[in-house]
Amino acid sequence: MENSADRSPSPSYPVSGAGNALRVVRLLHELDELRVMDVADRLGVARSTAHRILAMLVFEGFAAQDRHKVYRPGPALQAIRGSQAAPPPDLITVAHPHLRRLADAVRETTHLMVLEGNGSRFLDGMEGPQALRVSYRTGTLLPAHVTSGGKALLAALPADRLRALYPNGLPGDRTKASEVSEDFERLMNELVSVRRHGYALNLQESERGVHAVGACVRDRTGTAVAAVAVAAPSVRCTRARLTELSQPLLTTVQDIGQDL
């Protein structure tokens, strides 16, 4: 049984953002060392918040701080990892600086997501600098057919695999078989346009008042492995503006793919 005297004292201000804490655990696993400023930069939070997250991870044994104030994997994380060395930088690590640069360039929020079943899982994001902005959704799982990045990823699938994801049509509250079929065929027609243009649009489909444009990240074999989206309040982001945003977005996903 663990002796409470062996544990570090509990931080004064426990962190309620479990999502941020999990992101830091992931970063520790990937990078093997972190400083407070690294966490603040990656999460887009104040250094005081980053310090509290790290303090909580030290308390729980997922991190340990050395005499140079560098945080490294603690015993709990090492036990999970076993004897394996830290893996090479993954998708999030590679994509993050690109998300930041894109957010700075277009002054809107950027998201990184992957396909999870017929849903899109948000892995990372950077908020735009404007006062009125879309917040990032790291950790959230939304239906793929209502997000721009999700549509871009669906459009990259072969027809048989795509239909296998929706054996009963699109999820929703439709009760008539004809309505379910019409919704699915409408999505199929939209995905034809996505393939033609190279990007997908979300016009207040995932959230009222939010517009977004998304495109696939492809690795060097041409396989779609993720999607990046730019999201903005609809009051200042028309459909024409989304078309403009697609150009720096397409450059960004190409750059990420080259770095993978």
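The following exercises, with worked solutions, concern a predicted model.

**Exercise 1.** Determine where Glu108 is placed and whether Glu108 is buried or exposed.

*Solution.* Step 1: Glu108 lies in the loop that runs between α5 (91-106) and β3 (109-116). Step 2: the relative accessible area of Glu108 is 4%. Step 3: buried means under 20%, so Glu108 is buried.

**Exercise 2.** Identify the polar partner of the Glu108 side chain, and list the residues that Glu108 touches beyond four places in sequence.

*Solution.* Step 1: the side chains of Glu108 and Arg236 form a polar contact at 2.8 Å. Step 2: leaving out residues up to four places away in sequence, Glu108 touches Ala103, Met126, Gly128, Pro129, Gln130, Val230, Ala231, Ala232, Pro233 and Arg236.

**Exercise 3.** Describe the largest nonpolar core and the place of Val230 in it.

*Solution.* Step 1: this core has 27 residues, and those touching the most other members are Leu112, Val213, Val228, Val230, Leu245 and Leu249. Step 2: two or more residues each come from α5, β3, β4 (119-126), β7 (210-218), β8 (224-233) and α9 (239-259). Step 3: the most, eight residues, come from α5. Step 4: among the residues that Val230 touches are Leu102, Val106, Glu108, Val213, Leu245 and Leu249. Step 5: another core, of 21 residues, lies apart from the largest one and includes Met113, Leu153, Leu154 and Phe184.

Methods
Residues are numbered from 1 along each chain as its sequence is written. This is a predicted model: local features need pLDDT of at least 70, side-chain atom pairs count only at pLDDT 80 or more; totals for chains, interfaces and linings use all residues. Side-chain values use heavy atoms; hydrogens and water are left out. Helices (H or I, at least four residues) and strands (E, at least two) are DSSP runs, numbered from the N terminus. Buried means under 20% relative accessible area, exposed over 50%, partly exposed in between (1.4 Å probe, protein chains only). A polar contact is a pair of N or O atoms within 3.5 Å; within protein, one must be able to donate a hydrogen and the other to accept it, and residues adjacent in sequence count only if both atoms are side-chain atoms. Contact means heavy atoms within 4.5 Å. A nonpolar core is a set of buried Ala, Val, Leu, Ile, Met, Phe, Trp, Tyr and Cys residues joined through side-chain atoms within 4.5 Å.
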